Amino acid sequence: MNPSRRLLLKHLAFRASEISPLDGLVSAPPDGECFIAWPEVADRAKRLASALVELGVQPGNRVATLAFNDHRHIDAYLAVPCLGATLHPINVRWNLDEMASVLEHTRDRIVFVDASLMDRAIALADRCPWIEHLVRMGPAETGDGPSTVRANLSITDHDELLASSPAITEWPDLDEHEIMAMCSTSGTTGVPKTVAYTHRTTCLQTMALGLTDCMRLSGRDTVLAIVPMFHALGWCFPYACGMLGARLVLPHRDLGPNRILDLMVNHEVTTSVAVPTVWNAVLAALDANPGRWNLDRVDRIVSGGAAPTATMIRRFRDEHGVEVIHSWGMTEINPVGTMSPAATTREEAALDPNDQLRHQQVAGRPLPGLKLEIEDEDGQQTPHDGTSTGRLLVSGWWVAQTYAFNHPDGDRFRSDGRLDTGDVASIDDRGRMAIRDRAKDMIKSGGEWISSLALERAIGDFPEVATCAVIARPDDRWGERPIAVVSLAPAASLDLATLQTRLAQAFERWQCPDDLILVDSIPLTSTGKIDKKTLRRQFPS
Ligand code: AMP
């Protein structure tokens, strides 16, 4: 196939510099907010590409990032894949065990690191001897972190690297099936699952984000990208803005509701994307500061990654004139699967606003190129009547066929191309899908997964503990929080503070259970497994 006909990121991600050269991105890292016009964004990517070649990066090599949403991260987002290497954003919220378990497979030699995370990256490099270079993004921070850096680990400054590197003249012609990025999500076993995205899958996903009936994205928008670029390729929004010429606002680390609202107002943001916990916090900030922020310019926001409440959708519409577009997706599908604007068809446009609201509460229709099905426990198709539920299967243009490295959860990819999502859903007679439940036991807190199994294993190792189960408790702020239900060994005692202190050696604070419930015995299923369904009924809140 002629290279110009291939679905390559280079053909769409730089389109903004041609069609909208005066527009660009606004980046707000701690060392100062800046505006970078799209042609300069393209030039920076080309300079970083030649620096990467100088550092020995070859096509197919993996280059990791440990970073927030800012312009330097965008440099890597463009340069690494367009050069033919694989971009590998690491979730900055993970503990070192999780990070190291992924790097064990990906073996990245180079890690681009936000300046505030250098201590963590140095500790990670101690665990992963194959890491040769850390590229610090942002001015060095003074702190009392590890002062010793192991031998054979070089540290370079991102801005100096760019300043001293000439722009490459042309991007290479690649195969569209080449892997351009790898992203990982937490697995039920505690071992993260890694998914590979190709140029083809990412281009198709990005094109779909630009469809009117998706979220009405256009070159006239200003997009505040709250969803982290380390989660599922930032839902491909950085690429969609580069394709359409929409202005991209990158908030860096501070995602507090007041900051989000300040950025929205100061930069006349028209749309934004985040998980429901963020939007709930934004509503609470608006309530607490009446009149402080005027959201007249904000037209719509996307809420995805977990279920939004009906109240949140209604309040944004009625009190702030903002449409909430509900979205469902997963890392395994590049990652956006559905979008649910208030009305897409003539039939929906004619409905009264309260009926439209009902449709916004469901996850919505699959984007073109995807197919959703539901099946019962016997593998039979469940009717699309809006009430029958079943396991949700997804297939289509950007659905992964396997995990990148052998993973115990890999059997969810079926040989016929369908992926068992692990979600339980219904589909109505107009193709609108609603998530009803989650078949798995992972806990989703503030948009991030916590593995109940990893916590159970750690707690189960305590000498005082006989049996332990970790389940989710609904939480207004975070969506879900973990609680530990424990039966103790005879004559033993354990309190919450001790549990949290011990776990803090291996887990981040936000991953540790909020509560410890001591019970005489933990219910088991007929096959001797912990019966979490019963536990959830016993401890609903
Ligand atoms: P991740 O790959 O980490 O983004 O997680 C994907 C999972 O998040 C899905 O399989 C769902 O269980 C959950 N999820 C994503 N979007 C939604 C949504 N709109 N409503 C409910 N759950 C969701």
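Biologist: Is the crossing of α12 and α13 left-handed or right-handed?
Modeller: The crossing of α12 and α13 is left-handed. Keep in mind that this is a predicted model.

Biologist: Okay, and at what angle do the axes of those two cross?
Modeller: At roughly 40 degrees, and the axes come within 11 Å. Helix α12 covers residues 276-288 and α13 covers residues 310-320.

Biologist: So what do we call that, oblique or parallel?
Modeller: Angles under 35 degrees would count as roughly parallel, and with a crossing of roughly 40 degrees, α12 and α13 are therefore oblique to each other.

Biologist: Which residues meet there?
Modeller: From α12 you have Pro 276, Trp 279, Asn 280, Val 282, Leu 283, Leu 286 and Asp 287. On the α13 side they meet Met 312, Arg 315, Phe 316, Glu 319 and His 320.

Biologist: How does α11 pack with α12?
Modeller: Helix α11, residues 257-266, packs with α12 at an angle of about 80 degrees, and the axes are 8 Å apart. That makes α11 roughly perpendicular to α12.

Biologist: And what makes that contact?
Modeller: Pro 257, Asn 258, Ile 260, Leu 261 and Met 264 of α11 make the contact with Val 278, Trp 279, Ala 281, Val 282, Ala 285 and Leu 286 of α12. Trp 279 is also among the α12 residues that meet α13.

Biologist: Switching to rings: how many aromatic pairs are there?
Modeller: The count is four, taking ring centres within 6.5 Å as a pair. One of them is Phe 14 with Trp 171, a stacked pair at 5.7 Å centre to centre with 10 degrees between the planes.

Biologist: Nice. What about Tyr 403 and Phe 413?
Modeller: Tyr 403 and Phe 413 are edge-to-face, with 4.8 Å centre to centre and 80 degrees between the planes. Both lie in the loop between β18 and β19, so the pair ties together parts that are 10 residues apart in sequence. Tyr 403 and Phe 413 are both buried too.

Biologist: Last one: which ring does Arg 107 lie over?
Modeller: Arg 107 lies over the face of Trp 130, at 3.9 Å from the ring centre. Likewise, Arg 502 lies over the face of Phe 462, at 4.6 Å from the ring centre.

Notes: Residues numbered from 1 in each chain as written. Predicted model: local features only at pLDDT ≥ 70, side-chain atom pairs only at ≥ 80, totals over all residues. Heavy atoms only, no water. Phe/Tyr/Trp six-rings, centres within 6.5 Å; stacked < 30°, edge-to-face > 60°. Helix = DSSP H or I, 4+ residues; strand = E, 2+ residues; numbered from the N terminus. Buried < 20%, exposed > 50% of the residue type's maximum accessible area, 1.4 Å probe, protein only. Lys NZ or Arg CZ within 6 Å of the ring centre and 35° of its normal. Axes fitted to C-alpha atoms, helices over the stretch in contact; angles between N-to-C directions. Parallel < 35°, antiparallel > 145°, perpendicular 65-115°, else oblique. Left-handed = near helix turned anticlockwise from the far one by under 90°. Contact = heavy atoms within 4.5 Å.
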